Amino acid sequence: MTIIETQNLEFAFSKNDLVLKGLNLKVEQGSIYGFLGPNGSGKTTTIRLLLGLLPNTKNSIIKLFGHNFHDNRINILSKTGSLIEQPSLYEHLSGFDNLEITRMIRNVNKNRIGKVLEILDLKTASAKKVKDYSLGMKQRLGLAIALLSEPELLILDEPVNGLDPNGIIEIRELILKLNKENGITFFLSSHLLSEIEKIVTHLGVLSNGKLVFQGEYSDLKELQNKSATIHIETSDNDKSFHVINSRFQSLSISNSHLIVQYQNKEQIATICKMLVETDISIYKMQLQNNDLENMFLEITKE
Amino acid sequence: MPAFVSFVFLSKWKHLVPQQGHNPWDDFTEMSWKGMGFIYTPFFIVLLTCLFFNIEHKSNTWKHIFTLPILKSSIYISKLLTLIVFVVIFYILYIPIWIGCGFAVGLIKPQLQLTTHSPDYISLFSLCFHSFISSLGILAIHFWLSIRFKNMIIPIGIAVLGCIIWIALYQGRAEQITYFPYAYNYSTVNPPLWLNLKKFGIFPQHEIFSLLYFAIFTSLSYRYFIKTFKG
């Protein structure tokens, strides 16, 4: 089942300033969808549109849980938890009171407060006023509020922003646990691939308001492999070019070496065999792997 | 205000000893309510409304509220009703404190005869009711302004300007004061004798205008809250 679906999602703050340019998001049930993009690419705008915090002025199709958001707002929001940018907290109240406000509005059983406080490791700090909380504690309390109603979908905007490495690991583990044990679908936005690549199952990469990649994380890995090249230096580069070119098409030649598009491990063995059989000495054969971070930067630069 | 009036009564008590047959509570009522009318509208109502909304603006909690499964109209109505309840609570607290202060002054200075007389409770409750009605216009205006502007200095600035204009109109005995909502509460507790206020049933003209302001600005703020306001 598709939990989030948008068709040709567009949004503009002013007439000539199109922030989102036809986004077709598809988030499957049970997935952890990483929504990546540099700062200012339109991630928060997309999330705000998904939650009805911005008007859908272009009348794009926004469906959550298979229903049009506009017509089923209450039903959709009752199954959705969210944390947008900094958590929305009443700093003059205690952590418990902040949870109690949402609990009363959402009409949730009172024992859920104890449960979420335990999950987020905030039990001992629940009586403390939020103004005395650290940034990490505030972030965890924001998550506790989002989790209070046992949502089926959690939309988190930059959930690890500003957290120290320990805090980032804790949130990551929590997301994985909730996804695995409770089957919660996550839609996480981030501007850093390294922050979420360890937990996501699916990725959407946003650049200048356009979705430049969407698919399973393994698809991105495959794309990464496709962008890898083999750099070969031999005793006769011209002859090697012709030999390899008879079998592998994507080949270029520079002054000192040949470049072949990497396909798989067997391809390397085949090239070696072909060159040895034609009496060409191989001086160097190097796989140039494009790491995901560089790839993400390249994709979003386009 | 009751404490301040009590202080005045205690320090000037020799001038305030009632003559035979005169109820000392009438003077105590007049002084207290005039002072309250002067401070209540510009300071209490405006500050209450501004601070009430500032909690959400400051905590950045609108985005959380709007992602909860409740209708925006319900949020609006609950905010408006809470504010009205706050104002009613003000009267509920003001009256016993005021009466308590009066009796305390009477105990300290028996010559003032405040303990041997009692206030006119019917007039008191009538005054509360009319004071509340005359405050509704300003409440709705500042309710709208507080939704419209995140910076609470703007509504407070408008209120200060409104009060300056009201005092100028009052001092200049301008009849236009009838149309000026910042003057309504004071006009209720201390009706200007130079102004011929028409009455419509139990309501003087300015209270009818207060209700009209309430209706107009509540409609405006409701429309803005539902259609445009995103927190």
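Analyst: Helices (H or I, at least four residues) and strands (E, at least two) are DSSP runs, numbered from the N terminus. On that basis chain A has 11 helices and 16 strands. The model is predicted, and local features need pLDDT of at least 70, side-chain atom pairs count only at pLDDT 80 or more, while totals for chains, interfaces and linings use all residues. Residues are numbered from 1 along each chain as its sequence is written, and chains are lettered from A and ligands numbered from 1 in the order in which they are written.

User: Why are β4 and β7 of chain A placed at the edges of their sheet?

Analyst: The open sheet has 4 strands in the order β4-β1-β6-β7 (chain A), with antiparallel pairing. β4 (26-28) and β7 (67-68) of chain A each have a single partner strand, so one side of each is left without a neighbour in the sheet. For β7(A), the pairing is with β6 (residues 61-64) of chain A, over 2 bridges, where Lys63(A) has Asn68(A) as its partner.

User: Why is α6(B) called roughly antiparallel to α7(B)?

Analyst: Axes are lines fitted to C-alpha atoms, for helices over the stretch in contact, and angles run from 0 to 180 degrees between N-to-C directions. Angles under 35 degrees count as roughly parallel, over 145 as roughly antiparallel, 65 to 115 as roughly perpendicular and the rest as oblique. Helices α6 (residues 121-148) and α7 (residues 153-171) of chain B pack at about 150 degrees, with axes 8 Å apart. That angle makes α6(B) roughly antiparallel to α7(B).

User: What makes up the contact of α6(B) with α7(B), and how does it divide by class?

Analyst: Contact requires C-beta atoms, placed from the backbone, within 7 Å. His142(B), Leu145(B) and Ser146(B) in α6(B) meet Ile154(B), Pro155(B), Ile158(B) and Ala159(B) in α7(B). They divide into 5 nonpolar, 2 polar and no charged, where Ala, Val, Leu, Ile, Met, Phe, Trp, Tyr, Cys and Pro count as nonpolar, Asp, Glu, Lys and Arg as charged, and the others, Gly among them, as polar.

User: Which classes make up the side of chain A that touches chain B?

Analyst: 15 residues of chain A are in contact with 13 residues of chain B. The side of chain A has 9 nonpolar, 4 polar and 2 charged residues. Its largest share, 3 residues, comes from α2(A).

Methods. Two residues are in contact if their C-beta atoms, placed from the backbone, lie within 7 Å. Two strands pair if DSSP finds at least two bridges between them.
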